[in-house]
Amino acid sequence: MKLDFFDEFTDPYLKTKSGRGVFLAGVVLGFIARSQAKGDFQGSPEDISTSPLFKQLNFGRMSKRDLFKHLARVPELVRAYHLDYADMIESLCAKAGELILQKDDKGRDLGVDGNFVFSVAFLNARKYFWTIFGKKDVSEIEPTMEEEAQDVI
């Protein structure tokens, strides 16, 4: 698991351990939501808004408690949807939870900063998932958002 890409960010929230945990949580949940939206996991990409997980997330108003609830369901979701890369998803989820629980944020809730970081990670989940696990060419795995948009047109 490579997390050195965090050094590229200058945002103070992402310099905290809990901020990095929230980011990783966004990657985990975004990767799962994208997998759910694809249906058979092999066909053409579907709109992520069709994902059951996407419909449950309260973007912009998520609390730490909400995030904990969704992360606690990851093992169940991985099994229920027979997701590929289950061990990687679960290890990333574990790391996210570990970072969020570390004492450096003085117990504050996600707020605007946390919700923004979560959303950015969620929307770029594929890119960061493969950056973390060392896949150099993400285009081999799944099409980019631009390629998906061209398929629709």
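Visitor: What share of the contacts in the protein with a separation of 6 or more comes from residues 24 or more positions apart?
Guide: Those residues account for 70%, where contact means heavy atoms within 4.5 Å. This is a predicted model, in which local features need pLDDT of at least 70, side-chain atom pairs count only at pLDDT 80 or more, and totals for chains, interfaces and linings use all residues. Residues are numbered from 1 along each chain as its sequence is written, and side-chain values use heavy atoms, without hydrogens and water.

Visitor: How many helices and strands?
Guide: There are 8 helices and 0 strands. Helices (H or I, at least four residues) and strands (E, at least two) are DSSP runs, numbered from the N terminus.

Visitor: Which residues of α3 are buried?
Guide: In α3, residues 64-72, they are K64, L67, H70 and L71. Buried means under 20% relative accessible area, exposed over 50%, and partly exposed in between, with a 1.4 Å probe and protein chains only.

Visitor: Where do they sit around the axis?
Guide: On the same side of α3, because they cover an arc of only 125°, taken from the directions from the helix axis to the C-beta atoms. The face turned away from them carries the exposed R65 and A72.

Visitor: What do the buried ones pack against?
Guide: α1 (17-37), α2 (52-56), α4 (74-80), α5 (86-101) and α6 (111-123).

Visitor: Other topic: at what angle do α1 and α5 pack?
Guide: About 150°, with their axes 7 Å apart. Axes are lines fitted to C-alpha atoms, for helices over the stretch in contact, and angles run from 0 to 180 degrees between N-to-C directions. The contact includes F31 of α1 and L92 of α5.
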